[in-house]
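Trainee: Could we go through this structure together? I would like to begin with what the terms mean.

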Amino acid sequence: MKDIIRVKCLLSSDVETLLNQQIKKEAHSSAIYLSMASWCNRNGYDFSADYFFKQAEEERQHQLKIYKYVLDMGGTSISPDITNIKLEYNSFREVFEDALDQEISVTQSLKNIAARCQKEQDFITLEFLNWFFREQREEEFKARRALELFEVIGEEGTGRWQIDKHVGQIVYSSEA
């Protein structure tokens, strides 16, 4: 029966596996951002907490978008177990450094899926991934700008408060 279903699936088993790994990565990112929001909230960085709550929801939406795509293509989506989430950070800056690292990791993972799709000539999934690449351009931009606030404003005196206040105001606008 599985072979008959696979024939009707528009995804190769390799691409389906990679997409399910991406579903897990997006769910993991969402959980990381919730943890960051919690840390920020506990430490009095309310604007940053709100920023990370929004990021967590975006990552969850990414997870669901891929999950539904796999189903739409006749594949099997797997709801992931998420463990090993960092709960404590040594500094306010570390939270934003980890956020940028997370976004770069997600982008690299998407590039790996796209490379596989290109190799298999799976242009349907490749086109689907383009939305995520545009999204990652925005996410990495915002994460970099947030981290740059630490250099521009500095952390001394009311610096962290100013950084916290400005994080939610970072906007990416592209003409592309």
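Mentor: Buried means under 20% relative accessible area, exposed over 50%, and partly exposed in between, with a 1.4 Å probe and protein chains only. By that rule Gly75 is buried, because its relative accessible area is 12%.

Trainee: Where is Gly75 found?

Mentor: Gly75 lies in the loop between helix 3 and helix 4. Helices here are DSSP runs of H or I with at least four residues, numbered from the N terminus. Gly75 and Cys9 are 66 residues apart in sequence, and their C-alpha atoms are 5.8 Å apart in space.

Trainee: What should I know about the origin of the coordinates?

Mentor: This is a predicted model, in which local features need pLDDT of at least 70 and side-chain atom pairs count only at pLDDT 80 or more, while totals for chains, interfaces and linings use all residues. Residues are numbered from 1 along each chain as its sequence is written, and side-chain values use heavy atoms, with hydrogens and water left out.

Trainee: What is the mean pLDDT of the chain?

Mentor: The mean is 93, and 94% of the residues reach 70 or more. pLDDT is the predictor's confidence in each residue, from 0 to 100.

Trainee: And where is confidence lowest?

Mentor: Confidence is lowest in helix 1 (residues 2–8), at a mean of 53, and highest in helix 2 (residues 13–42), at 98. Where pLDDT is low, the predicted coordinates should not be read in detail.

Trainee: Changing topic, how many disulfides does a search of the whole structure find?

Mentor: The search finds zero disulfides, a disulfide being a pair of cysteine sulfur atoms within 2.5 Å.

Trainee: Are Cys40 and Cys117 buried or exposed?

Mentor: Cys40 counts as buried because its relative accessibility is 0%. Cys117 is buried as well, with a relative accessible area of 0%.

Trainee: How many salt bridges does the structure hold?

Mentor: There are 11 salt bridges, each defined as a side-chain nitrogen of Lys or Arg within 4 Å of a carboxyl oxygen of Asp or Glu. One of them joins Glu140 to Arg144, with the closest N and O atoms 3.0 Å apart.

Trainee: What separates Glu140 and Arg144 along the helix?

Mentor: About one helical turn, because they are four residues apart in helix 5 (residues 123–153). Glu140 is buried at 13% relative accessible area, whereas Arg144 is partly exposed at 35%.

Trainee: Which residue forms a salt bridge with Glu120?

Mentor: Its partner is Arg116, the closest N and O atoms being 2.7 Å apart. Glu120 and Arg116 are four residues apart in helix 4 (residues 92–120), so about one helical turn separates them. Glu120 is partly exposed at 28%, and Arg116 is partly exposed at 25%.

Trainee: Please give me another pair.

Mentor: The side chains of Glu155 and Arg160 meet in a salt bridge at 3.3 Å, N to O. Glu155 is partly exposed, with a relative accessible area of 21%.

Trainee: Finally, which residues divide into six nonpolar, one polar and two charged?

Mentor: Those of the lining of the largest cavity. Ala, Val, Leu, Ile, Met, Phe, Trp, Tyr, Cys and Pro count as nonpolar, Asp, Glu, Lys and Arg as charged, and the others, Gly among them, as polar. A cavity is a set of points on a 1 Å grid over the protein atoms alone where a 1.4 Å probe fits but cannot get out, and lining residues have an atom within 4 Å of a point. The lining includes Tyr33, Tyr51, Gln55 and Glu103.

Terms used:
Helices (H or I, at least four residues) and strands (E, at least two) are DSSP runs, numbered from the N terminus. On a 1 Å grid over the protein atoms alone, a cavity is a set of points where a 1.4 Å probe fits but cannot get out, and a pocket is an open set with protein on both sides within 12 Å along at least five of seven lines; lining residues have an atom within 4 Å of a point.
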